[in-house]
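Please open the model in your viewer, with the sequence panel beside it, and follow the selections below in order.

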Amino acid sequence: MTDVFSSAGAVELDHLVIVAHDLVQGVQWCEAVLGITPGPGGAHHKMGTHNRLFSIAGPHAPGVYAEILAIDPAASPPLRRRWFGLDEPALQTAVAEQPRLVHAVVRTATLDNDLSNWRRLGLDPGSAVAMSRLTPAGTLNWRLTVRDSGQLECDGCLPTLIEWPERSPGFHLPPSGVELLELKLLAPGNSPLPAAYAAIAWSGVGVEASNHDAGHGWHATFSTPIGLVSLPSFYPI
């Protein structure tokens, strides 16, 4: 198998975002569906969210991890719309039933340049927002793209860009027993996504054309302690 999660350049898959109604539900879902208990995460005070993390890294997905993300009921309401569409009623209704794979985040060392390239294509990836959270090892800092509306561009199919000042924390997570085997993206035939990926030199995930009935979005396949698991992303056509 070739390395389908990274490109020859500096852009590669960083993590997948799974949204839950709350972290208790998210942990229960992870144990039932993936056969593991996710590790600890932390709180994002600027967004009013918190998470649990687990590695999904493997030989073809170095340092890649998954986060189970939920609105933090103990946090003060944020001064802006939350990231990854968490304030959208349709997503909240969906995750009330069960957690959903929502999005992919790619790491880059040239975030500002990549943003400019996407804007020249007429895309609206948002602005680079400085984020941080406390960890036992100290404060973790990063920048990532967030739209003012909190909504995801191209129904979540345009990845969020993230830039770490040091190595991604995914490289420091212990093995979880879950490995990402395949990540593909189904997109409408007139999608701007192939050009968007080329503009940031990310060739790691191919874009496959889909028809209306097949829907569009991310599809991730994992090996887990309880067998192969395939997760489609939340957004339908």
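Predicted model: local features only at pLDDT ≥ 70, side-chain atom pairs only at ≥ 80, totals over all residues.

Residues are numbered from 1 along each chain as its sequence is written, and side-chain values use heavy atoms, with hydrogens and water left out.

Begin by selecting the strands; helices (H or I, at least four residues) and strands (E, at least two) are DSSP runs numbered from the N terminus. Eight strands make an open, mixed sheet in the order E2-E3-E4-E1-E5-E8-E7-E6, where two strands pair if DSSP finds at least two bridges between them. E2 (43-44) and E6 (127-135) are the edge strands, each with a single partner strand, so one side of each has no neighbour in the sheet.

Stay at E6, which pairs with E7 (residues 138-146) in the antiparallel sense over nine bridges; Ala-128 can be found opposite Thr-145 in E7. Next select helix H3 (residues 111-120), which packs on the sheet and touches E6, E7 and E8 (160-163), its direction making about 160° with that of E8; such axes are lines fitted to C-alpha atoms, for helices over the stretch in contact, and angles run from 0 to 180 degrees between N-to-C directions.

Move on to E5 (100-107). Seven of its eight residues are buried, so E5 is largely enclosed by the rest of the structure; buried means under 20% relative accessible area, exposed over 50%, and partly exposed in between (1.4 Å probe, protein chains only). E5 runs antiparallel to E1, joined by seven bridges, with Leu-101 as the bridge partner of Ile-18, whereas E5 and E8 pair in the parallel sense over three bridges.

Helix H2 (residues 89-97) lies across E1, E4 and E5, at about 115° to E5. Colour its buried residues, Leu-91, Ala-94 and Val-95: they fall within an arc of 90° seen down the axis, so they line one face of H2, the arc being that of the directions from the helix axis to the C-beta atoms. On the other side of H2, Pro-89, Thr-93 and Glu-97 are exposed.

Finally, centre on Thr-108, in the loop between E5 and H3; this residue is buried, with a relative accessible area of 6%. A polar contact (a pair of N or O atoms within 3.5 Å; within protein, one must be able to donate a hydrogen and the other to accept it, and residues adjacent in sequence count only if both atoms are side-chain atoms) of 2.7 Å joins the side chains of Thr-108 and Asp-114.

Note on methods. Contact = heavy atoms within 4.5 Å.
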